[in-house]
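Trainee: I have some terms to check against this model. Could we go through them one at a time?

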Amino acid sequence: MEIDIHAMKQQLEAHGQVKSASVERQFPDALKIDLKEHEPVLRMRVMGAEEQPELRIVSREGTIYEGVGYPQATLRKLPYVVPYRHPEGGFRPLRGIDKVANLLETARRTQPNFYKTWQLVSLEHYSGDPELPGQVIEVRTSMVPRIIFGFNTDFAQQLDRLAVVLNYVQDRGNPAIRRIDLSLKDFAAVQFESGRISTF
């Protein structure tokens, strides 16, 4: 009875990993605490207090937190993110991460083997507002240095085009690719290391 359950709720929700908390009294002498945690979708490196790089987790809502209790195998599956830098400086807040999460989930579901090669998601050209012109998400993989996704077409269709491109390249002995641009409305453009550009 001496515990302030409202203060406890605020303390729990102040922890970055906690999305929401409910604290209820169960008479005569117990508390019921329910926690809902953020879903981890990306990881990022930040400079810590002693100028040492530290790992942070990014949730679907764009919350950045330390991440406690995740198995290493789970963290290794999360691509790193290069955040958008706001014109006034800094990268907080992270906006539009739900759209990025949708792309990752669709890729994981439809192309699981290729998705395992995704190493980094660059949001340098994505402010979080897909309605602005020129907004793209760039993915870097161990197989293709740069894959560009846009918002003119849904991600499932762009990933279908990506599968066509990868099959075409595999059938021709895997010539080295420099860049695949899927952000174009009606086709994909592929730039090979040789300098040749093909459309699909």
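Trainee: Why is L31 called partly exposed?

Mentor: This is a predicted model, and in it L31 has 31% relative accessibility. Buried means under 20% and exposed means over 50%, so L31 falls in between and counts as partly exposed.

Trainee: Where is L31, and what makes it part of a nonpolar patch?

Mentor: L31 is in strand β2, residues 30-37. A patch takes residues with over 30% relative accessible area, and L31 has 31%. The patch is formed by I3, L31, I33 and L35, which together have about 310 Å² of accessible area.

Trainee: How do you know that β3 and β4 pair?

Mentor: Pairing needs at least two bridges. Strand β3 (residues 40-47) and strand β4 (residues 53-59) have seven bridges, in the antiparallel sense, so they count as paired.

Trainee: What makes β4 and β5 a pair?

Mentor: Strand β5 covers residues 64-65 and has two antiparallel bridges with β4. The requirement is at least two, so the pair qualifies. I57 stands opposite Y65 in β5. In the hairpin of β4 and β5, G62 takes a positive phi near 90°.

Trainee: Which residues touch the most other members of the largest nonpolar core?

Mentor: Of its 38 residues, they are L42, W118, I137, I147, F149, L162 and I180. Apart from that core lies another, of five residues, including I57 and Y65.

Methods. Residues are numbered from 1 along each chain as its sequence is written. This is a predicted model: local features need pLDDT of at least 70, side-chain atom pairs count only at pLDDT 80 or more; totals for chains, interfaces and linings use all residues. Side-chain values use heavy atoms; hydrogens and water are left out. A nonpolar core is a set of buried Ala, Val, Leu, Ile, Met, Phe, Trp, Tyr and Cys residues joined through side-chain atoms within 4.5 Å. Buried means under 20% relative accessible area, exposed over 50%, partly exposed in between (1.4 Å probe, protein chains only). Patches are made of residues with over 30% relative accessible area and no salt bridge: like charges are joined within 9 Å, nonpolar side chains (Val, Leu, Ile, Met, Phe, Trp, Tyr) within 5 Å. Accessible areas come from the Shrake-Rupley method with a 1.4 Å probe; for residues, only the protein chains shown count as cover. A salt bridge is a side-chain nitrogen of Lys or Arg within 4 Å of a carboxyl oxygen of Asp or Glu. Helices (H or I, at least four residues) and strands (E, at least two) are DSSP runs, numbered from the N terminus.
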